[in-house]
Amino acid sequence: MDSTNMSILWTLAAIVMTTLAGNIITKFLRRLNAFAVPIVGVDTGDLNTLKGRYVQEADVLLREGYERFKDSIFQVETPDGPRVFLPRKLANDLKPFNRHEASGMKALADRHIGHYTSIDHESDIMLGAIKIDLNRNLGNFVEDVQHEIAHCFKTQFPPCDEWTPIDLHEKLLRVVAQASARIFVGYPMCRNEEWLECSTKFALDVMTGGEKLKQWHPWLRPIAQYFVPEMTRIRGDHQRALELLLPELEKRSIGSDRTGLKSRNDMIEWMQQRAQKLGDKSFDSKELANLQMLTATAAIHTTRLAIIHALYDLAARPEYIEPLRREVLDVTKDNNGILRKQHLTHMRRLDSFMKESQRHNPPSVATFQRKAMIPIDLSNGFHIPAGTIVQCNTNMLDEAPAEWGDPNGFDGYRFYKLRSKPEDTNKYQFASTSYDSMQFGFGNDACPGRFFASNQIKIILAYILLHYDFKFEDGIVGRPKNLMFEVNVLADPTVKVLFKNAS
Ligand code: HEM
């Protein structure tokens, strides 16, 4: 054998040895990571089948886990390795830990390999701007948002003189993005087509790019990221957001804004003011653009999905449409059908319907995900080593309190009725989180944007109820079944809803 062949052989041998060593180490680490708790479905299929089931029907697996192990911890095999699911009651054990001890954001970042997809970026400026400034100002925006929504429907929706099929996923993405941008970046930037495209596409690039990069062995990801087109696009999205934002910032800094609108009171301003207050020297236009992209990512797709679910639920149960339309008309009659802040609070039936719709169609069947940043011991003796992600099995409808009535049925007025007791009038709202309602998470770090989301959803649904009749296209019977991607619950995007101008 000549020396060239010998060196090829040695190279091949080295590759085989490295791969083998890699596999052995990975398996060893995996075993170290395994937990002494039962694995759901292990007796029904091999590892690959179980991983596939987790991707396509995590809801079924979690139900199996709940039925077999009730109040005990179990694990599920996933493409990312074994995942530990806690029964809901153990959420109370995790609740006292702060975000530096048990982190929801780190759990999310790990899921989407945030180090590469750029979402592993926690910012006190962003959290403060949402938790404090946005929530404090919610009431001031009702008219502006309503105006923006009306503009969007008029420009984006077809005439609908006859029954017209509408792709809700596409149209509502635009409506929610523009209505949210009204508060995040202000007018006229909220109508900038490129900004809207950039801020909505970013989330998809993160999700898809993250999934594709995960197919590569962790050791190869530093190089593989350059072969995944979405990863390149993510870098492009950040750059484009900055380029689009700069003229707006320039305009603001020299005070030459002649749009004639009221003084700025939006997320750009709040973030800038917070950075100043915190004396954060690293905060610049680039960081502002990044935080805007992250805020839009957290806000837009989640809100759009909640509205689509509510509309599917309404179209499947048309008996709710007229009473809810009447409620909108009744509460706004003192202002010619134009919504004011207090009107949103008065739409209790709509609020209840939204909450019931979310109970049946949560964003995820396992909210309250946390990455243990320190070792954590639970009350049942289970030890969570630092670095482990845990989540709660939060969507078992039959765990609802007895006073809620039939837990599995759909009762759009369930929470309306529960709120009728004077002592419970402020409870059970769409945006309320509690041990029995964890769709927005739980504890201190539950979704800080939920009050804003509640308002946005109400304003959009009220607009639709007042301006359109709607129904499913022929052939659709009942409520279309949701699709699952891992623990995420998605509305079937192939379903078309027909819209017609209200008579
Ligand atoms: C219907 C719409 C929405 C749903 C279903 C939703 C759901 C969630 C959930 C389940 C969490 C995790 C909470 C936990 O684990 O305890 C979360 C966190 C978060 N959400 Fe939302 N969200 C929505 C709208 C929004 C909006 C409009 C914003 C921004 C304005 C937002 C910003 C955030 C942020 C920043 C976090 C991370 C909080 C933290 O780690 O402290 N969300 N959301």
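Helix H11 (residues 229-253) packs against helix H13 (residues 285-316) at an angle of about 115°, with the two axes 9 Å apart. Axes here are lines fitted to C-alpha atoms, for helices over the stretch in contact, and angles run from 0 to 180 degrees between N-to-C directions. H11 and H13 are therefore roughly perpendicular to each other; angles under 35 degrees count as roughly parallel, over 145 as roughly antiparallel, 65 to 115 as roughly perpendicular and the rest as oblique. Helices (H or I, at least four residues) and strands (E, at least two) are DSSP runs, numbered from the N terminus.

This is a predicted model, in which local features need pLDDT of at least 70 and side-chain atom pairs count only at pLDDT 80 or more, while totals for chains, interfaces and linings use all residues. Residue numbers start from 1 along each chain as its sequence is written.

H11 passes H13 in a right-handed crossing; a crossing is right-handed if the near helix is turned clockwise from the far one by less than a right angle, and left-handed if anticlockwise. On the H11 side the contact consists of Asp237, His238, Ala241, Leu242, Leu245, Leu246 and Leu249, which meet Ser285, Lys286, Leu288, Ala289, Asn290, Gln292 and Met293 in H13. Contact requires that the C-beta atoms of two residues, placed from the backbone, lie within 7 Å. By class, the contact of H11 with H13 has 8 nonpolar, 4 polar and 2 charged residues. In this classification Ala, Val, Leu, Ile, Met, Phe, Trp, Tyr, Cys and Pro count as nonpolar, Asp, Glu, Lys and Arg as charged, and the others, Gly among them, as polar.

H13 also packs on helix H16 (residues 348-360), at an angle of about 100° and with the axes 9 Å apart. That makes H13 roughly perpendicular to H16. Here Ala306, His309, Ala310 and Asp313 in H13 meet Phe353, Met354, Ser357 and Gln358 in H16. The classes in the contact of H13 with H16 are 4 nonpolar, 3 polar and 1 charged.

In one, 5 strands are arranged in the order E1-E2-E8-E5-E3, with mixed pairing. Strand E1 (74-78) and strand E3 (102-103) stand at the edges, each with a single partner strand, so one side of each is left without a neighbour in the sheet. Strands count as paired if DSSP finds at least two bridges between them.

E1 and strand E2 (residues 81-86) form a hairpin with 2 residues between them. On the next pairing, Val84 has Val390 in E8 as its bridge partner, and Leu86 has Cys392 in E8. Further along, Lys371 is bridged to Ile389 in E8.

| Strands | Sense | Bridges |
|---|---|---|
| E1 and E2 | antiparallel | 5 bridges |
| E2 and E8 | parallel | 3 bridges |
| E5 and E8 | antiparallel | 2 bridges |
| E4 and E12 | antiparallel | 3 bridges |

Helix H2 (residues 47-69) lies across E1 and E2 and runs at about 165° to E1. H4 packs on the sheet as well, touching E3, strand E5 (370-372) and strand E8 (389-392), and its direction makes about 95° with that of E5.

The other open sheet has 3 strands in the order E4-E12-E9, with antiparallel pairing. Its edge strands are strand E4 (164-166) and strand E9 (468-472), each of which pairs on one side only. Neighbouring strands of this sheet are turned by 35° against each other on average, direction ignored. Between E4 and strand E12 (residues 497-501), Ile166 has Val497 in E12 as its bridge partner. H13 packs on this sheet, touching E9 and E12, and the direction of H13 makes about 80° with that of E9.
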